[in-house]
Amino acid sequence: MFRIEGAEFFYDNTHTGGFKEVSFSIKPGQVLCILGPNGCGKTTLLKCLAGIFKLQKGRLWLNDSEVKTLKDGNLARAIGYVPQLHQPAFPFSVLDAVLVGRAPHLGFLESPKKKDYEIAETAIEALGITHLAQRPYTEISGGERQLVVFARVMTQQPSLLLLDEPTSHLDFGNQIRVLRLVEELAAAGLPVIMTSHFPDHAFLVGSKVAIMKKGEFLAFGPPDEVITDQNLETIYGSKVKVMEVNGQTGYRACVPVKSDLDCICSKKSLLDKLYSPLPQQP
């Protein structure tokens, strides 16, 4: 189980760009999906959970241990973190980049063994990127790099998985592949916390959902109770309709309301002015 109580972090004294009074818990096999607009504190929260930033207030527990009491090696093995986008510095092969996930399990100056390679190759196969295994990591697309980072954190075999908008750079097919993997990892007993800009994804894989705005949780609970028309309008400022798909109960999706899209047309005069032909130079 993972538990957080009274957590707070801000970058400066203005109390912007962070979060406050965040408390929740998730059990093994549950997926918490955190929804919210840009700048609401989602990524900062995940970085604090991953140990990249230190909480200014609050406490974290993973299973029966308080996270701050874990040694660096144990923490690196316990928590896996996938950032929004990773910029590679060296032209490692994809296989070698994924194999880095085994580092927390190796001793000082210890080389990966056959078992470590097998684990890395299994993760690569699970993500459907076997054809990239020998390609330089620096020469593949941003979406492919995201899949490589996901494979690397799977190779780490953590006790808690943190995913920061894991599908944001992926095409539709790879989005579905990653969501299916999240579902399968949770089914195997791994607790997962992920941020997203896609409420539909919370319906697909989420056990719990948190609605976040200006650094605070406005709602927390099962997807069907939290993802409502009113809550989505509150955090995104646009009218959205939560609908049953093809009348199938339990299969829901979020679509924008056309009357809200019509507001764009009210800006037509401003757009015409912005894109009107420039005066010809003599």
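How many helices and how many strands does the chain contain? There are eleven helices and twelve strands; helices (H or I, at least four residues) and strands (E, at least two) are DSSP runs, numbered from the N terminus.

The model is predicted: local features need pLDDT of at least 70, side-chain atom pairs count only at pLDDT 80 or more, and totals for chains, interfaces and linings use all residues. Residues are numbered from 1 along each chain as its sequence is written, and side-chain values use heavy atoms, with hydrogens and water left out.

**The whole chain**

Begin with the entire chain in view. Its C-alpha atoms fill a box of roughly 65 × 55 × 50 Å, taken along the principal axes. Of its 282 residues, 43% count as buried; buried means under 20% relative accessible area, exposed over 50%, and partly exposed in between (1.4 Å probe, protein chains only). The chain exposes about 15400 Å², and carbon and sulfur atoms supply 53% of that area. Such areas come from the Shrake-Rupley method with a 1.4 Å probe; for residues, only the protein chains shown count as cover.

A contact means heavy atoms within 4.5 Å. Among contacts between residues at least 6 apart in sequence, 66% join residues at least 24 apart.

**The open sheet**

Next, select strands β2, β1, β4 and β5. These four strands form an open sheet in the order β2-β1-β4-β5, and the pairing is antiparallel. β2 (19-26) and β5 (65-66) stand at the edges, each with a single partner strand, so one side of each is left without a neighbour in the sheet. Two strands pair if DSSP finds at least two bridges between them.

Within this sheet, select strand β1 (residues 2-9) together with strand β4 (residues 57-62): five bridges join the two, which run antiparallel. E5 stands opposite R59 in β4, and F2 has L62 of β4 as its bridge partner.

Then move from β4 to β5. Two bridges join these antiparallel strands, and W61 has E66 in β5 as its bridge partner. β4 and β5 form a hairpin with two residues between them, and N63 in the turn has a positive phi of about 60°.

**Helix α1**

Now select residues 42-50. Is this helix largely enclosed or left open? Seven of the nine residues of α1 are buried, so the helix is largely enclosed by the rest of the structure. The buried residues are K42, T44, L45, L46, C48, L49 and A50. Just after α1, G51 takes a positive phi of about 90°.

Select residues 192-196 next. Five of the five residues of β8 are buried, so this strand is largely enclosed by the rest of the structure. V192, M194 and S196 point one way, whereas I193 and T195 point the other way, and all are buried.

Which strands pair with β8? Strand β3 (residues 31-35) and β8 pair in the parallel sense over five bridges, and the bridge partner of L32 in β8 is I193. β7 and β8 also pair in the parallel sense, over four bridges; here L161 stands opposite V192 in β8.

**Helix α5**

Select residues 142-156. Helix α5 has 15 residues and reaches 21 Å from its first C-alpha to its last, close to the 21 Å expected at 1.5 Å a residue; the expected span is 1.5 Å times one less than the number of residues.

α5 is mostly covered, with twelve of its 15 residues buried. Among them are G143, R145, Q146, L147 and F150.

**Two loop residues**

From the end of α5, select Q157, which lies in the loop between α5 and β7. Q157 has a positive phi of about 55° although it is not a glycine. At 46% relative accessibility, Q157 counts as partly exposed.

Finish at K214, in the loop between β9 (208-213) and β10 (216-221). K214 also has a positive phi, of about 50°, although it is not a glycine. Is K214 buried or exposed? K214 is exposed, with a relative accessible area of 71%.
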